[in-house]
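Here are my notes on the model you sent over. Have it open as you read, and check the helix packing against your own view.

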Amino acid sequence: MISTRVFVLVLTSVIGQHVRAGGSDLMEKVESSIPAFEDTPDSISIGILGSELTLELASHKFDKAALIKVIDKVFYHADKNVDNQLDKKELTAWLHKNEIVNQAVDIKGEFWEYDEDQDGKITFKEIALHGGLGMGAAADFKAKFLDKDGRLKTQALDREYPVMDERGGFSTDHLISKLYKVFQASDSDKDDALTWHEFFVFSYPDDHEEVHMLATGKSHRRLDANKDGKYDLEEFREVFVKHVSIPELLPKQYSKPELMFRACDEDKDSFMTYEESDSCLKGHAQIAIDHQEPEWLIEDGDKNGDQMLSKAEIIEEFHNLTEHDDYWQENRDEL
């Protein structure tokens, strides 16, 4: 629920770590990467299968014959060079696509639940009163942040509140006002309501650096040590280490921080602007960002040591998991 995911992020001031893109640019990137609300599946998928293939396999109770047919379909989509092997790059791209769909699945029910008037948009009031804050915080919100006509007291929401209340507990007022700032930062068209794609940004603020900057009122990013709005090489080394977990998947000219810095410093002024950094990381390097799962899958399933997964290796590993793991056996019908 949002009350857990976003409130923990707000409480620890970890409201964004990865991407900066302003206003419509941010929405353009989000809209191009996640499914529309009506196209979002209703159930979470197994990463390597995707939603449709997970349901197909589950409908056959994870039968091995059905598994073979399903893995054939995985290779049809993921095996880009059609060599009947999935290398790290192909596996990562496929998992990344399925991960985004799973994120959308995870919040689909919340969007539907909060949208009280079913207009396809969610106001902050709807979130606060229909489960987004939890029952106790919702009562505080209604008492302190709505006027007698049920309208938001925006001046009260815009105020800064102490992190701790007078009893020594976490201040509900502080949490609500911080969440409102995340809401405002996610509302790219500034119409005081979140579309499905804006709600996606709101629900996963740690994926969007611009949300962090707007929500906290800062004009610089956390790894910009001297706060001058750009990265020098030493600062960018930290950015690279933070964001790239599988450097060997990158093209050679981007495989080390100094190489990426040199290649992506478009105006050759020995500094990397936030925009230049984003273009590099989310363009050339997206495939290598924050994906350790492919390495784990290959480590577990690669029987011949070629650093790739064949159909037979995936089928064997997957079948062994579902046949011998108590969780799978106990939850076959639900899965």
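1. Start with α5 and α10: these two helices are roughly perpendicular to each other (the label covers 65 to 115 degrees). Their packing angle is about 110°, and the axes sit 10 Å apart. Axes here are lines fitted to C-alpha atoms, for helices over the stretch in contact, with angles from 0 to 180 degrees between N-to-C directions. Helices are DSSP runs of H or I with at least four residues, strands are E runs of at least two, and both are numbered from the N terminus.

2. Before going further, the ground rules: this is a predicted model, where local features need pLDDT of at least 70 and side-chain atom pairs count only at pLDDT 80 or more, while totals for chains, interfaces and linings use all residues. Residues are numbered from 1 along each chain as its sequence is written, and side-chain values use heavy atoms, leaving out hydrogens and water.

3. Who touches whom in that first pair? On the α5 side you'll find I100, Q103, A104, I107, K108, E110, F111 and Y114, and they meet W196, F199, F200 and S203 of α10 (contact means heavy atoms within 4.5 Å). Sorted by class, this contact has eight nonpolar, two polar and two charged residues. Nonpolar is Ala, Val, Leu, Ile, Met, Phe, Trp, Tyr, Cys and Pro; charged is Asp, Glu, Lys and Arg; the others, Gly among them, are polar.

4. How many residues of α10 are buried? Eight of the eight in this helix (residues 196–203), with buried meaning under 20% relative accessible area, exposed over 50% and partly exposed in between, for a 1.4 Å probe and protein chains only. H197 and E198 are among them.

5. Back on α5 (residues 88–114), have a look at K89. K89 counts as partly exposed because its relative accessible area is 45%. K89 and M308 are 219 residues apart in sequence, yet 9.8 Å apart in space, C-alpha to C-alpha.

6. The second pair is α12 (residues 233–243) and α13 (residues 257–264), whose axes come within 9 Å and cross at roughly 115°. That makes α12 roughly perpendicular to α13. In α12, L233, F236, R237 and F240 meet P257, E258, M260 and F261 of α13. By class, that contact has six nonpolar, no polar and two charged residues.

7. Finally, the whole chain: 17 helices and four strands, with buried residues making up 46% of the 335 residues. Of the contacts with a separation of 6 or more, 62% come from residues 24 or more positions apart.

Note on methods: Parallel < 35°, antiparallel > 145°, perpendicular 65-115°, else oblique.
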